Amino acid sequence: MTTTATIGTTIASDGFVLDPADRAAILEERAHYPYPQAASIEALKIVQKRHGHVPDGAIPAIAETLGIRVADVEGVATFYSLIFRQPVGRHVILICDSSSCFLTDYEQLRDAFIDHLGIQMGQTTADGRFTLLPVCCLGACDRGPTILIGEDLHGPVTPDEIPRLLEAYA
Amino acid sequence: MSRILQSAGERRSETHPLTWRLHDDQSPVLLEEYLDTGGYAAVTKALEQYTYESLTEEVKGANLRGRGGAGFSAGMKWSLTAKGGDAPRGYIVCNADEMEPGTFKDRLLMEQQPHLLIEGMILAGYANRSKQGYIFLRGEYHLAAASIQRALADARADGWLGPDVRGSGWDFDIALHTGAGRYICGEETALINSLEGKRANPRAKPPFPGQSGAWGLPTVVNNVETLCNVPGIVNHGADWFQALSGDLSSDGGTKLYGVSGKVNNPGLWELPMGTTGNRILELAGGMRDGLALKSWLPGGGSTGFLLPEHLELALDFDTIGKTGSRMGTGLLTVVADNQSMVSLTRNLEEFFARESCGWCTPCRDGLPWSVKLLRALEAGEGQAGDIELLEQMARDLGPGKTFCAHAPGAAMPLASAIHYFRDEFERGITRPEGEAHADPIPVGSV
């Protein structure tokens, strides 16, 4: 269907090899759309699920798999906030910083996470266990302040619950 | 997981069309139970009794207004979508990118009753001669994604989706598309770009999506709650839908209303359209910890602040629109008397600054500037003229200055906070005009 030239194979891929299962999953996603570029965001998420983040070498590998331009994949990879371009911890903690959580004291919760983990927002603990990031309204405002650890939604969370809450995430 | 705070005993099919099947234990309504309780009957009825024109007319007659916040008539949107004669068959896209601050209603519908959404999408697909639907779901809604995926597979296995839907000769299927962050994806043309695998910059209009949307084909984008209202309209008719709100509102139907903030009982309720803010706040148990209500947002971070006296108004699009605010999503965010309007406005503008896609100058550069000024006021380091400058910025961010509604959405809480609570902003001014802020905040710090 597409006539876009495949140029991904000419770009150095830093030794990155796309896992065969991921490649298959990306091609399956591609089948949902009339044009392959539409699967690029899902492709990035598939790679990220395996590696924790999207290594630079994955960009040309995804472009080659979908038969689209490297720049288009790169442009998307740098736009979306939940595509991580640097290594992150095993568990990413997303702290909702929007208005309802602001009004239910998320700033105190955020500061308590910073104190407890000894890192700033956007950083990863030295043991590679946790990364702290802000996120827009998690859509659970009746339970504010809310956080998302991996795929688990928690709320309302109070600062003194942090140590016990994090025990479940090795 | 969202909760509806009315028990199953309180919710009835004739008065709570969106939520009457929901379980008190919040487990999802699966296909078998959905079918046993009249689910997909509207699809059968539409395929047997309606043409695409008459189905569109039925929804238009019901005056179903867009529940994503804009309030545009869904039937009107469908009637403006190219679909007759030689028009190419396009797409139905469900906007499930629920990220409006203070909004948590679509999550409930998708986690606990995905078949109602799917049924609504099939009907929208039929009315628009579509061949394919997409549910654009925000990436953080993992439970909703699992619930929808299962429901799509079950509906497909039972012949409600796929080639030759229930022997009608019409092909229609739905795919789930999950996002990867960015609030701007909820803007319908940005959403279409994101669906196409591009950066989520909004598109210039016209052409409107109804003429040239996803991949250049006629595309209808409707919110989750909007689509969930369609099966009831088809089953019971436009007059029934209008009667649901009785004398409370000229808008038909029910609305998922909610409250967040420091109230005793935050949550969601399905109530007639036009229910007053007072009634909703009463259901939420009033303010907690002995606090008093100072202000409220009627439906998300991009709506304007209102005062306690406005709680007596009907919460519908036209009534709230007359106050200068907007009903938006209809989920109230309440502000207590001990909470700073300057700090809350700073929080909101930080959100809009971060979530700007950067395409238009007033939005990209104006919003971080507003944050800088608000932070100075918050720290008591404002200078004379800052408030007037913020007011000027709110005007410059208003409708018509940018491609999409992101900047006007940011301007609305800013302008209204200053309008109603100017004294709080004035308290942040300690320096004469022309004197630099004591601790300048770098522009790039947002």
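1. Chain A is divided into domain 1 (8–77) and domain 2 (91–166), with bounds that come from an automatic or database domain assignment. The centres of these two domains of chain A, taken over C-alpha atoms, are separated by 30 Å. This is a predicted model, in which local features need pLDDT of at least 70 and side-chain atom pairs count only at pLDDT 80 or more, while totals for chains, interfaces and linings use all residues. Residues are numbered from 1 along each chain as its sequence is written, and chains are lettered from A and ligands numbered from 1 in the order in which they are written.

2. For chain B, the assignment gives domain 1 (8–242), domain 2 (257–336) and domain 3 (341–445). The C-alpha centres of domain 1 and domain 2 of chain B lie 26 Å apart, and 14 residues of domain 1 of chain B are in contact with 15 residues of domain 2 of chain B, where contact means that C-beta atoms, placed from the backbone, lie within 7 Å. On the domain 1 side there are four nonpolar, six polar and four charged residues; Ala, Val, Leu, Ile, Met, Phe, Trp, Tyr, Cys and Pro count as nonpolar, Asp, Glu, Lys and Arg as charged, and the others, Gly among them, as polar.

3. How do two packed helices get described? The angle between their axes and the distance between the axes are used. In chain B, helix H3 (residues 52–62) and helix H6 (residues 114–127) pack at an angle of about 125°, with their axes 8 Å apart. H3(B) and H6(B) are therefore oblique to each other, since angles under 35 degrees count as roughly parallel, over 145 as roughly antiparallel, 65 to 115 as roughly perpendicular and the rest as oblique. Tyr52(B), Leu55(B), Thr56(B) and Val59(B) of H3(B) meet Leu123(B), Tyr126(B) and Ala127(B) of H6(B) in this contact, and these residues divide into six nonpolar, one polar and no charged.

Note on methods: Axes are lines fitted to C-alpha atoms, for helices over the stretch in contact, and angles run from 0 to 180 degrees between N-to-C directions. Helices (H or I, at least four residues) and strands (E, at least two) are DSSP runs, numbered from the N terminus. Two residues are in contact if their C-beta atoms, placed from the backbone, lie within 7 Å.
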